[in-house]
Amino acid sequence: MNEPLLFDNSDDFLRALRQLKEEGKTWRELRLHMPFNVPEVEEILEVPAGGMRFFAVAGALAGFLGGFALTIYTVLDWPIIVGGKPIVSVPPFLLIAYILTILFGSLAVFGGFLLLARMPSVREIRECRDFGNHFAILPGEEEGPWKQ
Amino acid sequence: MNKTDPIEARERFESDVLSVMGRPGFRYFAALGFCAFLVTLGFGLWGWQIFRGVGVAGISHPVGWGVYITNFVFWVGIAHSGTLISAVLFLFRAKFRTSFNRAAEAMTVFALMVAGLFPLIHLGRVWIFYYLLPYPNQRLLWPNFRSPLIWDVFAVTTYMIVSLVFFYVGMIPDLAVARRRLKGFASRIFAILSLGWNGSLGQWRHYNKLYIFLAAFATPLVASVHSIVSWDFAVSIVPGWHTTIFAPYFVAGAILSGTAMVITLVWPMQRILKLENYITTDHFEAIAKILLLTSLIVSYSYIVETGFAFYGEHPFEAEQFRYRSFGDYAVLYWVMIFCNSLLPLTLFVRRLRRSLPYLFVLSLLVNVGMWIERFVIIVNSLARDYDPYAWGTYTPSPVEIGITLMSFGLFFLLYLIFLKVLPILSITELKEHHG
């Protein structure tokens with residue numbers, strides 16, 4: 001298979017993928033292009049989950065701990081009792097930690113996506129090989145260097 | 001739709017959505033010009049307020065929070081249904097969201113941009129806004145993290161950033177389509193904005209996870225941001241504000257007003273841009289059901305908070321609710337009840353729920369009602385709290401009215417620009433649903 005295989009619809013595309021899988025091809029040995037997401041592709045080719053969840057957990061944890069660290073450090077740095085509240089007031093500080101959990105988690109998954117999907121790609125920005133609205137199967141490594 | 005020719009169908013989706021980005025006509029420029037006029041007027045008035053001092057606004061003792069804070073709460077509320085439609089309905093796999101999600105996400109971002117101006121306008125001395133940031137002042141004193149106003153800064157800023165990321169991420173595959181379909185300079189701009197998206201499996205597999213994670217992170221924000229805004233009030237001891245129901249009450253109100261704003265924006269868009277094939281009456285009916293549900297929750301909250309006041313044996317609380325209903329601002333209170341509680345009940349009638357002109361008019365009135373609700377909550381409680389010697393009334397000054405008009409002008413200006421520079425429907429999701 002040296003030429004790209006182009007398909008108009010997802011059913012034919014999935015059929016071809018099943019056949020390639022039966023012939024022993026793995027997802028790493030193929031380059032696939034899709035005009036929209038087809039969830040069955042990952043099931044057929046048994047594509048591993050990837051590392052996005054680690055970015056999500058790491059970002060969320062960093063936000064949660066960072067939120068508490070920021071609030072507790074700053075009140076201990078110059079302790080002033082305001083409104084009769086304890087110096088380290090856990091309930092309001094929990095709000096800051098909660099908000100930063102979401103903020104850091106979201107930014108971490110976005111950063112993780114850019115890293116794992118290798119974006120932005122200057123090469124692709126300058127010259128994108130596009131298969132339009134077709135599904136395409138090409139030989140070559142999925143996430144490897146560009147191969148013509 | 002013709003199932004037998006998928007390529008043609010996909011190309012039609014692309015050309016239909018991208019054709020909206022074509023050369024605008026006279027009506028578009030007229031609308032843009034009117035909004036730009038309101039924005040110029042409003043910023044001019046803000047400049048005047050900075051030059052003369054915050055005294056040119058009507059806010060004074062005892063009503064220190066007037067229409068500026070009303071506008072802030074209103075616009076943050078408008079933002080909410082964008083996240084509801086884009087994130088929550090995505091997690092529930094509600095397919096009708098495809099017709100609304102891009103418009104709703106844009107609405108969220110623009111509403112938050114407008115909302116973010118009002119604390120700055122309200123500050124008066126806007127050049128020291130950085131006192132709110134987590135940054136020690138010259139005496140190395142940090143902001144007070146026990147203050148709801150600081151929670152607000154964190155909550156609204158986070159909401160803005162997460163909404164912006166979600167809006168942008170959802171658009172990446174469509175930006176690549178725009179890059180392919182458009183020519184010249186526009187194509188180059190979209191090439192950069194799409195970050196080199198080529199639709200490979202390596203991109204899709206991480207993209208899907210990213211979208212799910214972002215939806216999961218954004219979903220709690222729907223509940224938490226307006227809860228935190230409500231605590232600006234509820235954490236105080238002012239009668240009418242100090243109540244535990246405020247957080248869910250504000251969240252339901254936010255979704256009600258945001259849903260109404262989606263209808264206000266999308267119906268003219270559907271008609272003018274000829275998108276009837278993509279945004280159907282069924283879609284509007286689904287949104288109208290959300291509007292009806294949230295209206296019922298808001299009405300229930302009105303009843304419960306009045307019940308609290310009269311069963312609580314707190315004379316000031318009871319007086320506050322009597323004052324709301326029959327005092328200086330009673331007309332506004334009853335307009336609020338009519339617009340937010342009574343009028344949406346008509347949506348139990350299927351024929352009205354499916355009548356788009358009716359829905360449009362209703363959405364405008366609900367937004368009027370929700371703006372008034374915030375005014376009623378804020379101004380009544382400050383005008384009539386514990387000490388009769390501190391009672392007083394408040395009337396917005398022309399400067400405040402002008403700046404309020406500016407906020408609407410700015411919101412619609414940003415939305416009009418969005419219509420012409422970005423794909424207004426999710427092309428990729430349309431293709432996915434068509435198969």
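Let me start with a list of names: B:G82, B:T83, B:S86, B:E105, B:T108, B:V162, B:S163, B:F166, B:F167 and B:A218 are the residues that line the second largest cavity. Before we go on, please keep in mind that this is a predicted model.

So how much space lies in that second largest cavity? About 60 Å³. Its lining divides into four nonpolar residues, five polar ones and one charged one. Three helices of chain B, namely α3 (67-91), α4 (101-123) and α5, each supply at least two of the lining residues. The largest share comes from α5(B), with four residues.

Now, how many cavities of 30 Å³ or more are there? The count comes to two. Let's visit the other one. The largest cavity holds about 170 Å³ of space, and 16 residues line it. If you want to find it on screen, look for A:M34, A:P35, A:D130, A:G132 and B:N198, which lie nearest its centre. Which helix gives the most to this lining? Helix α5 of chain B, residues 148-181, with four residues.

Next stop: helix α6 of chain B, residues 184-193. Here B:S187, B:F190 and B:A191 are buried. Seen down the helix axis, these buried residues of α6(B) fall within an arc of 110 degrees, so they line one face of the helix.

Last topic: cysteines. A disulfide is a covalent bond between the sulfur atoms of two cysteines. How many disulfides are there over all chains? The count comes to zero. Are they buried or exposed? B:C35 has 8% relative accessibility, so this cysteine counts as buried, the cut-off being under 20%. B:C339, at 3% relative accessibility, counts as buried too.

Definitions and conventions: Residues numbered from 1 in each chain as written. Chains lettered and ligands numbered in written order. Predicted model: local features only at pLDDT ≥ 70, side-chain atom pairs only at ≥ 80, totals over all residues. Heavy atoms only, no water. 1 Å grid on protein atoms, 1.4 Å probe; cavity = no way out; pocket = protein on both sides within 12 Å on 5 of 7 lines; lining within 4 Å. Points joined across faces, edges and corners; volume = space filled by probe spheres on them. Nonpolar A, V, L, I, M, F, W, Y, C, P; charged D, E, K, R; others polar. Disulfide = S-S within 2.5 Å. Buried < 20%, exposed > 50% of the residue type's maximum accessible area, 1.4 Å probe, protein only. Arc of directions from axis to C-beta.
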